[in-house]
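Visitor: Hi! I'm new here and would like a friendly tour. Could you put the structure up first?

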Amino acid sequence: MKKWLVLVAACLLAACSSSGENKTYYQLPVDKGTVQNSASSGQHLLWVEQVTVPDYLAGSGVVYQTSDVQYVIASNNLWASPLDQQLRTTLIANLSNQLPGWVIASQPLGHDQDTLNVSVNGFHGRYDGKVIVSGEWLLNHNGQLTKRPFHIELAQQKDGYDEMVKMLAQSWSQEAVSIARFLNQQL
């Protein structure tokens with residue numbers, strides 16, 4: 001009997017000491033376009049002042065919605081750097097690709113710049129196999145404010161966090177294209 005208890009205890013200790021799954025870190029990819037900012041007379045200056053996310057997205061875990069009201073924050077599938085920083089960096093790169101001749105920056109550029117602020121309230125996978133990217137952006141152009149909501153849903157082609165992050169990045173890139181289209185048409 002004692003040998004059996006020792007064997008069970010040894011198995012339990014071995015199971016507890018194994019670390020389980022390894023942690024995986026994700027970074028949003030940037031579109032492969034070439035940044036084409038060139039100096040020209042009358043060029044546009046755009047400062048992407050900030051991209052904000054709510055608390056549930058601000059942690060290090062990738063978020064997955066499991067029902068209409070429940071969200072799970074992964075403990076082993078993590079963002080390589082804070083999500084708000086990744087969203088801002090990729091937005092600047094994607095806008096730079098979409099707006100040749102514009103100077104898109106993460107720092108103030110002077111007095112004649114436009115300012116863009118983005119509030120992201122959804123950036124997660126969902127139980128039905130879709131990813132959700134939603135929020136709103138606010139553009140200040142010469143003191144005139146323009147506010148636009150966005151909501152993008154894309155279906156994942158495969159299962160898994162790798163695919164989910166790729167589809168989230170694709171959705172975010174689509175929103176950058178929409179913002180660039182607005183800027184080209186309105187300014």
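Guide: Let's begin with a definition: helices (H or I, at least four residues) and strands (E, at least two) are DSSP runs, numbered from the N terminus. This is a predicted model, where local features need pLDDT of at least 70, side-chain atom pairs count only at pLDDT 80 or more, and totals for chains, interfaces and linings use all residues. Residues are numbered from 1 along each chain as its sequence is written, and side-chain values use heavy atoms, with hydrogens and water left out.

Visitor: Thanks! How many helices and strands are there in the protein chain?

Guide: The protein chain has four helices and eight strands. Along the sequence they follow the pattern α-β-β-α-β-β-α-β-β-β-β-α.

Visitor: Where is Asn-142, then?

Guide: Asn-142 sits in the loop between strand 7 (130-141) and strand 8 (144-155). Its phi is near 55°, a positive value in a residue other than glycine. Most residues other than glycine have a negative phi.

Visitor: Is Asn-142 buried or exposed?

Guide: Asn-142 is exposed, with a relative accessible area of 66%. Buried means under 20% relative accessible area, exposed over 50%, and partly exposed in between (1.4 Å probe, protein chains only). Of the 187 residues of the protein chain, 39% count as buried.

Visitor: What about Ser-171, buried or exposed?

Guide: Ser-171 is buried, at 0% relative accessible area. This serine lies in helix 4 (residues 161-186). Not counting residues up to four places away in sequence, Ser-171 touches Val-131, Val-133, Ile-152 and Leu-154. Contact here means heavy atoms within 4.5 Å.

Visitor: Switching topic: how many aromatic pairs does the structure hold?

Guide: The structure holds four aromatic pairs. In one of them, Trp-79 and Phe-123 are tilted, at 6.2 Å centre to centre with 45° between the planes. The pair links distant parts of the chain, since Trp-79 is in strand 4 (residues 71-79) and Phe-123 in strand 6 (residues 114-126), 44 residues apart. As for the terms, rings of Phe, Tyr and Trp (its six-membered ring) pair if their centres lie within 6.5 Å; planes under 30 degrees apart count as stacked, over 60 as edge-to-face and the rest as tilted.

Visitor: And are those two buried or exposed?

Guide: Trp-79 is buried at 5% relative accessible area, and Phe-123 is buried at 1%.

Visitor: What else is in strand 6?

Guide: Leu-116 lies in strand 6 and is buried, at 1% relative accessibility. Leu-116 and Trp-47 are 69 residues apart in sequence and 6.2 Å apart in space, C-alpha to C-alpha. Leaving aside neighbours within four places in sequence, the contacts of Leu-116 include Trp-47, Leu-91, Trp-137 and Ile-179.

Visitor: Which residues does Asn-76 contact?

Guide: Asn-76, found in strand 4, is in contact with Glu-21, Asn-22, Lys-23 and Thr-24, leaving aside its neighbours within four places in sequence.

Visitor: Last one: which residues line the largest pocket?

Guide: The lining is made of Tyr-64, Gly-129, Gln-156, Lys-158, Asp-159, Gly-160, Tyr-161 and Met-164. A pocket is an open set of points on a 1 Å grid over the protein atoms alone where a 1.4 Å probe fits, with protein on both sides within 12 Å along at least five of seven lines; lining residues have an atom within 4 Å of a point.
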